[in-house]
Amino acid sequence: MEEQQFVQLLESLLKPDTERVKSATAILNKQYYKSPDSLTALLHILVSHQNAGLRQLAAVEARKLVSRHWASIPETVKPQIRQSLLQSTISEEQKLPRHSKARVISAIARVDLEDGQWADLPAFLQQAAASGVSRNREVAIYIIFTLLETMPDMFQENMKDILRLLNNTIQDKESIEVRINSMLALAELALVLDTDEDEKSLKAFQDTIPHMVTVLKQCVQAEDEEHTMQAFEVFQKLLGYEAAFLNAHFAHLMQFMMELGGNTELDDDSRVQALSFLMQAVRFRRIKVQGLRIGEQLTIKTLQIVTELGDLLSDDEEVTPARSALGLLDVLSESLPPSQVAVPLLKALGQYVTNQNPDYRRAGILALGMCVEGAPDFIGTQLKEILPMVLHLLEDPEVRVRSAALTGIARLADDLAEEVGKEHARLIPALVKNFDLAMAHIRDPSASDHVTIVKGSCMAVDSLIEGLDKDDAAKYVNELIPRFMPLVSYKEDIKVQTAAISALGSVASAAGDVFLPFFERTMHALAPYAVAKESNDDLELRGIVCDSMSKIATAVGPEAFKPYLQPVMQASEEALHLDNPRLKETSYILWSTMAKVYEEDFAPYLDGVVKGLIESLQQEETDAEVQLGEEAKDLIGQEVIIAGKKIKVADVSNDDDDEGVEMDGEDDDGDWDDLGAVTAVAMEKEIAIEVVGDVLTHTRAKYLPYFQQTVELLMPLVEHEFEGVRKSTIGTLWRAYACLWGLAEGNGMAKWKPGLPLQVQPTEDLAKLGDLVMTATLALWAEEVERATVTEINRNLAATLKLCGPAILVPPGASASTSPVQQLTSNLLLLLQKKHPCQQDLDDEDDADLAGNSESAEYDWLVIETAMDAITCLAAALGEQFAELWQIFEKPIIKYASSQDRLERSAAVGSLAEVVGNMGAACTPYTPGLMKVLLRRLGDEDPEVRSNAAYGVGLLCEKSNDEKEVLSNYNVILGKLEPLLHEGQVARLLDNSAGCVARMIKKHPDRVPVQEVLPRLVELLPLREDWEENEAVFGMIVALYQAQNPTIQRLTEQLMPVFQKVLSPPEDQLSDETREQVTQLVQYLYKQ
């Protein structure tokens, strides 16, 4: 081999000449790297060449060739190579070449040690690590680190010794390199330390954590950016490993990171990293964090950091401590109970929004906006105190504060649409006022502040208006549409343009046909942007226009929109091929909306729609392998999760077919682009799957030609790596089952009846689909760790059991022993007990019983609440047979009925009521216990709990055959109901109280003072909110008339207007059966 030419080729790779690099790479791969001599030459260069850059390059290339050629090098020369390589690495002055050489050593050691050679290397390294020369220690520990990367179990038999060594070196008094390298090595060692079987080693590892904290603190104080980032990365890694490594020092570590994050004297990067650690800790160790009761401290500290936003514009993408703090607040509110986040935030809010410093006023409202998504129920109860503050901030003299207030309103309205919408009379005029003042100056060249207000006003209206009912929204159409229309063509700022167009669609959607006078003009203004495609801005705008047109179609209806349907659909199909993920998603959502608007008349477009959706689902998502440069070697061999997608970072030395040189520059960029593409594909699939569910649900029989292919494509996606895909797949599969069920009933299949064995057999297709979907659901449900996916499973099982009955509980051909009922019961019980995998910190079973964890974050509670819904629907499907299962669920649900949290009490009491109604007479053995709980809750401080209790008591009186228990409590019940039967109470409470009394009268009219109670009950009619109670109320009235009760007969004149109202629209006031009974009664009364 010509060594001089070989060196020249390597030198060419260091030149900034792309063509020269490509040429040299090709020659090296084809003519040199296929020979073992190339490895020998590279090893010679890396130990002897004068040029540090060439030494590093030679080391990088040599490492790649070790697995291919080291075995072919003569055994006689290997000892000399090993010795010179070690000596060269220790004496190397430059850090990058030194590290690259160390990796060559680990690559050779990986081969040698497996073959029983170089056996003295571990002892040499441990001796060098204890050397009195710092360079020796630095190199030895770094080589140990690289060996642990490539051969994780190398030190497993000597775990005690290596931990003792690293515990010493991490305290090295002379060299920060030694201390950092020790941290890196410990992070790798944790991967192979058995925390269950080797408690002594675990304790030794835990003892190093305070030293790691000391190292990080030293790096931060020294403003040593490189080592600071490495230390933070170690802590982030440990956070993702078994909880046992950090548990002993977790509380102190959280305090330390809080101090770093809040220290304004430190550099921003260090503070951002500390806040990032806190975010991950709260997200993945939320049970532990909750048990430590540090949520309030975190919230208050984080709120203070938000005041540092300064003059940053909302559109800036710079990561700062203040922006990281807002992200942390979001995670805190999602992960911890309101008592630890929302409550302390609201306590502090008053001081912030009234502070003389505008940065504090802005911080207060922005923090509130970040917390509402995680605690909407609690914050919804505080709107009376919150809204005056928000309205006050909309009048603030500082533009940045008003802008933040607009953002706050948008966030509140997004998550509390109905509650915030009730305040429209105060909010919309304030939004319009801000809009008008800003618009008056928007053409000013220096009007960036005013542009921000215009955009914020549009976005606030966009979110708020959709929470209004049609009549209320209609009041603002003439006021809002003329204001937003001129901004459709406002090309000076695309964000203003998109905000206005989006708001137009929302106003139309909320107002319905009242929007019709503006329909043609709006569509004409939007039309050019629906086909624009010349720039990225065009594509962004096109997506917003597509969304807005979808909303307009729902407002004006199928006939009015018909002339635009064909061009809009054509534009949406073209959008799939414009290489813009957001635009593809808006096309899918458009199809969903059009299917809802046109239902079976959407059939002409199904071929193209289904083709587009199936192509999305069929996109390849193989585990990507990327090869990165020297600076990313820490990731080699690991699987990195990016937006739910698992990416493996490849180690080229592991590939026997490796062709050597990997080009830098453009190729590396392409690798990272691929990572983004994988993420985008997964998120696109999530939306496409949801749209499939919408389309098949609304087009019904017209979708049947595509049904089998759709199900076959969806089934494997139940196990997708991205949580969003799993969640949407489960939902769509169950919607497909419900759709097929509805079609079968429409074709003559009888209505299902409760209980097993089945009294109504489903069709063969239904049985097969039910078996497939139920099997996949149960398999996923038992192991799913994401709360949102478990919540979706609960909801879909509940909805399916309610709509389709018990058919899914007995798969075809299954014996009773394999019925899904047992698995359903087991999973639902785990959820009630907070022992399901989605309710645990990863691999940290001990945290479930920590003090302070009796409360739930609202996201956590949603999992339990939907589990209760599934239990009540299981009771509906099984009927009286559910009594056998109730003994399993009774205790945990009754425990929630006594919770300190009103939402938990309300959900539990509501579940008790539904279960009683669905079990029927089978509730009899449980009557004493149920009566005790329900009577206690009739006196609850919360009206919703009292309402549910009244409903439950009425059903228990009606269904139970334990007359002794029921009748002995009649007077007590009436005494508790009497104060509830007064105007001024919540409408639903009045309705449920009326229903309870009606059931009691109908069951035992002789035990109720009808002549006293009935006139008051009639005054409450017609019911205003809970129309399901009409069945009980009018059933009682009909029964009394049939019994010729004199009290009811005297009330006929008062009842006739009531009858007229309930027999008039809306039709769903009465069930068909009750409507028939009332109609016959009215006809009878007219004849008298």
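**View 1. Helices α45 and α48 in the predicted model.** In this predicted model, helix α45 spans residues 943-959 and helix α48 spans residues 987-1003. Their axes come within 8 Å and cross at roughly 15°. Angles under 35 degrees count as roughly parallel, and α45 and α48 are therefore roughly parallel to each other. The crossing of the two helices is left-handed.

**View 2. Residues in the contact between α45 and α48.** The crossing of α45 and α48 is left-handed, and both helices supply residues to the contact. From α45 come P943, E944, R946, S947, N948, A950, Y951, V953, G954, L955, C957 and E958. From α48 come R988, L989, N992, S993, C996, R999, M1000 and K1003. Sorted by class, the residues in this contact of α45 with α48 are nine nonpolar, five polar and six charged.

**View 3. The largest cavity.** The model has three cavities of 30 Å³ or more. The largest cavity has a volume of about 90 Å³. It is lined by 13 residues, and the closest to its centre are A530, R542, C546, A571 and S572. Helices α32 (536-575) and α33 (581-598) each supply at least two residues of the lining of the largest cavity. The largest share of that lining, eight residues, comes from α32. By class, the lining of the largest cavity has nine nonpolar residues, three polar residues and one charged residue.

**View 4. The cis peptide bond between L1021 and P1022.** Most peptide bonds are trans. The bond that joins L1021 and P1022 is cis, and its omega is about 0°. P1022 is placed in the loop between α49 (1010-1019) and α50 (1030-1042).

**View 5. The cis peptide bond between P1065 and P1066.** Here the peptide bond from P1065 to P1066 is cis, with omega near 0°. The loop that holds P1066 runs between α52 (1052-1063) and α53 (1072-1087).

**View 6. The backbone at E223.** Most residues other than glycine have a negative phi. E223 is not a glycine, yet its phi is positive, at about 55°. E223 lies in the loop between α12 (209-221) and α13 (225-240).

Note on methods: Residues are numbered from 1 along each chain as its sequence is written. This is a predicted model: local features need pLDDT of at least 70, side-chain atom pairs count only at pLDDT 80 or more; totals for chains, interfaces and linings use all residues. Side-chain values use heavy atoms; hydrogens and water are left out. Axes are lines fitted to C-alpha atoms, for helices over the stretch in contact, and angles run from 0 to 180 degrees between N-to-C directions. Helices (H or I, at least four residues) and strands (E, at least two) are DSSP runs, numbered from the N terminus. Angles under 35 degrees count as roughly parallel, over 145 as roughly antiparallel, 65 to 115 as roughly perpendicular and the rest as oblique. A crossing is left-handed if the near helix is turned anticlockwise from the far one by less than a right angle, and right-handed if clockwise. Contact means heavy atoms within 4.5 Å. Ala, Val, Leu, Ile, Met, Phe, Trp, Tyr, Cys and Pro count as nonpolar, Asp, Glu, Lys and Arg as charged, and the others, Gly among them, as polar. On a 1 Å grid over the protein atoms alone, a cavity is a set of points where a 1.4 Å probe fits but cannot get out, and a pocket is an open set with protein on both sides within 12 Å along at least five of seven lines; lining residues have an atom within 4 Å of a point. Grid points are joined across faces, edges and corners, and a volume is the space filled by probe spheres set on the points.
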